[in-house]
Amino acid sequence: DEQLDLDDGRWEDIHVVTGALKLFLRELPEPLVPFSHFDKFIAAIKIQDLSLRGHCIRELVLSLPPAHHDTMKVLFRHLCRVVEHKEENRMSVQSVAIVFGPTLLRPASEEGNMAMHMVFQNQVVEHILNHYGYIF
């Protein structure tokens with residue numbers, strides 16, 4: 001409910017803005033990719049057939065609740081624009097995926113292999129960024 005003045009000098013540092021976005025996404029009661037979809041996305045990214053993998057991930061994104069889907073569409077459109085300027089900002093698709101993967105997709109509990117989950121979380125985000133036009 002707080003009113004923010006984005007012209008205020010404290011918002012000039014892009015790291016502050018990015019950190020605030022990541023914090024907001026991390027503190028959501030349920031991640032942007034709902035807990036119920038986590039295992040499905042991980043299974044989809046493991047599919048060896050690239051065409052089938054792409055189709056499965058697209059169908060999973062389309063199956064998300066409307067608020068999750070619509071937010072994901074806007075966020076990933078923005079992240080694609082960030083990647084377009086990778087020469088200036090040093091944020092390649094892989095870098096963005098590393099930064100946002102664990103924030104956007106989290107298992108309901110941390111019982112499994114966290115390091116392995118992180119690899120797949122990043123790959124899912126990378127795939128969505130690379131295929132944004134097809135997925136959305």
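1. Let me start with the make-up of the main pocket: the lining of the largest pocket divides into 13 nonpolar residues, four polar and one charged. The classes count Ala, Val, Leu, Ile, Met, Phe, Trp, Tyr, Cys and Pro as nonpolar, Asp, Glu, Lys and Arg as charged, and the others, Gly among them, as polar.

2. A word on the model. It is predicted, with local features needing pLDDT of at least 70 and side-chain atom pairs counting only at pLDDT 80 or more, while totals for chains, interfaces and linings use all residues. Residues are numbered from 1 along each chain as its sequence is written, and side-chain values use heavy atoms, with hydrogens and water left out.

3. Back to the pocket. The largest pocket has a volume of about 540 Å³, and 18 residues line it, with Ile14, Val17, Thr18, His78 and Val82 lying nearest its centre. Helix H1 (14-26), helix H4 (66-84) and helix H6 (93-104) are the elements that give two or more residues to this lining. The largest share, six residues, comes from H1. Helices here are DSSP runs (H or I, at least four residues), numbered from the N terminus.

4. On a 1 Å grid over the protein atoms alone, a cavity is a set of points where a 1.4 Å probe fits but cannot get out, and a pocket is an open set with protein on both sides within 12 Å along at least five of seven lines; lining residues have an atom within 4 Å of a point. Grid points are joined across faces, edges and corners, and a volume is the space filled by probe spheres set on the points.

5. Arginine 58 deserves a look for its two contacts. Arginine 58 forms a salt bridge with glutamate 59, the closest N and O atoms being 3.9 Å apart (a side-chain nitrogen of Lys or Arg within 4 Å of a carboxyl oxygen of Asp or Glu); the count of salt bridges comes to one. The charged end of arginine 58 also sits over the ring of tyrosine 134, 5.0 Å from its centre (CZ of Arg, or NZ of Lys, within 6 Å of the ring centre and within 35 degrees of the ring normal). Arginine 58 is partly exposed at 26% relative accessibility, and glutamate 59 is partly exposed at 36% (buried means under 20% relative accessible area, exposed over 50%, partly exposed in between, with a 1.4 Å probe and protein chains only).

6. Tyrosine 134 belongs to helix H8 (residues 132-135) and is partly exposed at 43%. Tyrosine 134 and glycine 54 are 80 residues apart in sequence but 8.7 Å apart in space, C-alpha to C-alpha.

7. The structure holds one aromatic pair: tyrosine 132 and phenylalanine 136, tilted, at 4.9 Å centre to centre and 40 degrees between the planes. Rings of Phe, Tyr and Trp (its six-membered ring) pair if their centres lie within 6.5 Å, and planes under 30 degrees apart count as stacked, over 60 as edge-to-face and the rest as tilted. Tyrosine 132 is buried at 15%, whereas phenylalanine 136 is partly exposed at 22%.

8. Finally, a backbone point to check by eye: arginine 90 has a positive phi of about 60 degrees although it is not a glycine. Arginine 90 is found in the loop between helix H5 (86-89) and H6, and is exposed, with a relative accessible area of 72%.
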